[in-house]
Amino acid sequence: MKQIIADRKFENGFELHHVDKLVTNRPIAIFTLKNTAKAYPSWQLAQWCCKNNLANGSEKVRQDASYEISDDSKKVIVDTERGYISLALDASNEYTVPRREGEGWPHILIEQDFPYKPKIFSCKKIMLDIDFCIDRVIDKHKEGERTDIHTAQFSWIFALADKKPGKGYDDFVWFGCPIYDARCDIPGFFAAQDGGKPENTGKYIYFIDGKNYLSEGVRIGKRTRLKIDVTQHMRDALQYAKEKHFIPYSELSDIVLNNTNLGWEITGTFDAALTIYSLSVEVEE
């Protein structure tokens, strides 16, 4: 099995995305973990639709020698010795009123473009492995404010993309493993065109049913490890997208595992934090 995630201990720090993808998708800052990074970052931090910007925040060394990057609503803690990362987003410091339908929502995600991009239909096996804990989820809505559009979600998402030069180049499908959703015990299957906010991609989203890898809902404060064989699920996602007239100019045999992102998307007034202790994507070709 070949590991395709680079810098699994986050030793090289992060590029930072702007809060608004429509302004720029280029990095607006580089966090070098107080000049200890060993090379240029493989990881990015995404803070889409946030009012507060980590570029205006602080980067410091904590007493336990871990590194903290924070602003008034977000906190990222990285321990490069043990290889864990904590992502916290207090949406109560982002929303001044409850979010309405069609409005953007704050994110704190880690993202990576895979240096090696295996073809989905050439892989014998694609295995995900994550060890994590949802540390807290606090509902800050006032009585009567919360509706079904208000939640805190943690998902592991991949872009399955066509990288062959031609008419279909760079077209892609979003593939996701939903892990936690404050609205339900186990997040279910979801497939639709990306939308719901001004900077949506318009691409096809295919989230598999959490029951494929969760025997019970993720419990707050309980460390959990998931091993997920997504080989057939990714193939199903691509075939389903084709049937729905997405990726029209791409051959399924050309689609690769292009990049990944995971972390918090918070569409309601929740304060939430999680810790990822280890992360792995292995492929057998």
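Visitor: Which residue of β15 does I130 stand opposite?
Guide: I130 faces L226 in β15. Strands here are DSSP runs of E with at least two residues, helices are runs of H or I with at least four residues, and both are numbered from the N terminus. The model is a predicted one, in which local features need pLDDT of at least 70 and side-chain atom pairs count only at pLDDT 80 or more, while totals for chains, interfaces and linings use all residues. Residues are numbered from 1 along each chain as its sequence is written, and side-chain values use heavy atoms, with hydrogens and water left out.

Visitor: In which sense do β10 and β15 pair, and over how many bridges?
Guide: They pair in the antiparallel sense, over six bridges; two strands count as paired if DSSP finds at least two bridges between them.

Visitor: Turning to helix α1, what is the distance between its end C-alpha atoms?
Guide: The end C-alpha atoms of α1 (residues 231-243) are 19 Å apart, which agrees with the 18 Å that its 13 residues should span at 1.5 Å a residue. The expected span is 1.5 Å times one less than the number of residues.

Visitor: Which residues of α1 are buried?
Guide: T231, M234, R235, A237, L238 and A241 are buried. They cover an arc of only 155° around the axis, which puts them on the same side of α1; the arc is that of the directions from the helix axis to the C-beta atoms.

Visitor: What do the buried residues of α1 pack against?
Guide: They pack against β10, β11, β12, β14, β15 and β16, where contact means heavy atoms within 4.5 Å.

Visitor: What is the strand order in the open sheet of nine strands?
Guide: The order is β3-β2-β4-β9-β16-β11-β12-β14-β13, with mixed pairing. At the edges stand β3 (29-31) and β13 (190-193), each with a single partner strand, so one side of each is left without a neighbour in the sheet.

Visitor: Finally, is N258 buried or exposed?
Guide: N258 is buried, with a relative accessible area of 7%. The residue is found in strand β16. Leaving aside residues up to four places away in sequence, N258 touches D113, F114, K117, A159, A161 and K163.

Terms used
Buried < 20%, exposed > 50% of the residue type's maximum accessible area, 1.4 Å probe, protein only.
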